[in-house]
Amino acid sequence: MLSPRFLLLRSAATMTSRSLCTGAVLKQGKAPDMAEVRNRLREIVGASTNWSDHQEAMAERVTLLSKLAKSQNDLPAKRMEDSYLEVHLPLGSEPQLREKYLTFHNTVRFGRILEDLDSLAVLISYSHTYNPAVKRSPLSIVTALVDKIDMRQHIVYPDCDIKFTGHVTWVGKTSIEAKMHMSQYCDGAYAPVLDATFVMVARDPENKRAAFVNPLKPVGPEEEKLFQEGEANKSRRVELSTASLLKVAPTDEERKIVHNLFLNTLDPKTVSFRSRVLPPNSVWMEDAKLKGLEICHPQERNIFNRIFGGFLMRKAYELGWANACSYGGYRPSLVAVDDILFQKPVEIGSLLLLSSQVCYTQGKHIQVRVHSEVFDPLTQQHNTTNVFHFTFMSDRDVPNVIPKTYGESMLYLDGKRHFNQTVEC
């Protein structure tokens, strides 16, 4: 939550014009919308809306290498208020915008919200690193991780205005944590919908090496608390990475869980480790998959000539939602998005393979993991680009998902870990 000092500082007209780094043309007396956010991002890096011009503009960014700071100490410290943004999505007051966000069931497409959050997080980061003496930023700021998105309301109405707010809460040497909040105007007031935490990284103009960002100077106990939470988040991520099942064996308790799952699937009529029987009200994990393919066209590019991370999140979410819907037999609601890791950029023209897997269930909850990889038809090579974790909730209890192989058992335990983190928060 933002401190009272933040809230007192911000009137709609003065705050929004300053937050967009004085470069965007804003509608008089109105907060900026998402179109203005994306236009401002193009201005900051010198990108074009035209595909051929865009390629040329990106090539020219090499000349900005000399403007990078040699050390973080060379950059002035910024305050949290320097990066504060308030952006509106006028679904209620501008009906022509509504169709882009509308589902068949008259709700809002959450995949579109993920795209907007991604764009907003990038602009928040650029607001933190803004230098009025430089026309174009030498930094290439990209999303490294979606640490957490917690839903505070499961229904988002397609005919009510939405407001996004956010600012930088923690900074490392080359990384930035941005917290964002989304609320919707209903019954005469804005009600909270979700809280999101993104981790961004700064790269050089060619997007090849890490680059330094401005340090952050917390002011007052509330800001210091937010900064310490950012430090704790970093430590937690390091700890989770160290304990990953791809690196170390499961814990004793987890090994017992896997063995009990195995014993519960043995055929009591035979004395054989190979004879497996599916327990009642259960589904084999291998039967709880859904796959998709996307051809990555230039239309979906970001300001750095790669495929937009928000587009990848939208496609992964929609596949994960469809998988949860098919598995549970009801239209599920999203509970949380957790630990979306952007391992490699996706190049334009790539064949993007998406694989969704129900990996853990408990009561009405369905934990879904979506793995994305690019496939090169010339070399026949597959390279993982992203892993997405979504927690859904159905209207009724769902079948238990049961692993059959050791690899599936590791997916089960990983899904259980992510689900437990969601429940504990």
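In which kind of crossing, left-handed or right-handed, does H8 pass H10? The crossing of H8 past H10 is right-handed. A crossing is right-handed if the near helix is turned clockwise from the far one by less than a right angle, and left-handed if anticlockwise.

## The model

This is a predicted model, in which local features need pLDDT of at least 70 and side-chain atom pairs count only at pLDDT 80 or more, while totals for chains, interfaces and linings use all residues. Residues are numbered from 1 along each chain as its sequence is written, and side-chain values use heavy atoms, with hydrogens and water left out.

Helices (H or I, at least four residues) and strands (E, at least two) are DSSP runs, numbered from the N terminus.

## H8 and H10

Two packed helices are described by the angle between their axes and the distance between the axes. Axes are lines fitted to C-alpha atoms, for helices over the stretch in contact, and angles run from 0 to 180 degrees between N-to-C directions. Helix H8 (residues 252-264) and helix H10 (residues 406-424) cross at roughly 125°, and their axes come within 11 Å. That angle makes H8 oblique to H10. Angles under 35 degrees count as roughly parallel, over 145 as roughly antiparallel, 65 to 115 as roughly perpendicular and the rest as oblique.

Glu254, Ile257, Val258 and Leu261 of H8 make the contact with Ser409, Tyr412, Leu413, Lys416 and Arg417 of H10. Contact means heavy atoms within 4.5 Å. By class, the residues of the contact of H8 with H10 are five nonpolar, one polar and three charged. Ala, Val, Leu, Ile, Met, Phe, Trp, Tyr, Cys and Pro count as nonpolar, Asp, Glu, Lys and Arg as charged, and the others, Gly among them, as polar.

Helix H3 (residues 34-45) packs with helix H6 (residues 110-128) at an angle of about 45°, the axes being 10 Å apart. H3 and H6 are therefore oblique to each other, and H3 passes H6 in a left-handed crossing. The H3 residues that meet H6 include Met34, Val37 and Leu41, and those of H6 include Leu120, Leu123 and Tyr126. This contact of H3 with H6 has nine nonpolar, one polar and four charged residues.

With helix H9 (residues 309-328), H6 crosses at roughly 155°, and the axes come within 8 Å. H6 is thus roughly antiparallel to H9, and the crossing of H6 past H9 is right-handed. Among the residues that meet are Phe110 and Leu114 in H6, and Phe311 and Tyr317 in H9. The contact of H6 with H9 divides into five nonpolar, three polar and four charged residues.

Ser282 lies in strand E6 (residues 282-284). Ser282 is buried, with a relative accessible area of 13%. Buried means under 20% relative accessible area, exposed over 50%, partly exposed in between (1.4 Å probe, protein chains only). The side chain of Ser282 reaches the backbone oxygen of Pro279 at 3.4 Å, and a polar atom of that side chain lies 3.1 Å from the backbone oxygen of Pro280. Not counting residues up to four places away in sequence, Ser282 touches Pro399, Asn400 and Ile402.

Gln367 is in strand E10 (residues 365-376) and is buried, at 1% relative accessible area. Asp33, in the loop between helix H2 (12-19) and H3, counts as buried at 13% relative accessibility. Asp33 and Asn50 are 17 residues apart in sequence and 21 Å apart in space, C-alpha to C-alpha.

How values were computed: Polar contact = N/O pair within 3.5 Å; in protein donor to acceptor, adjacent residues only side chain to side chain.
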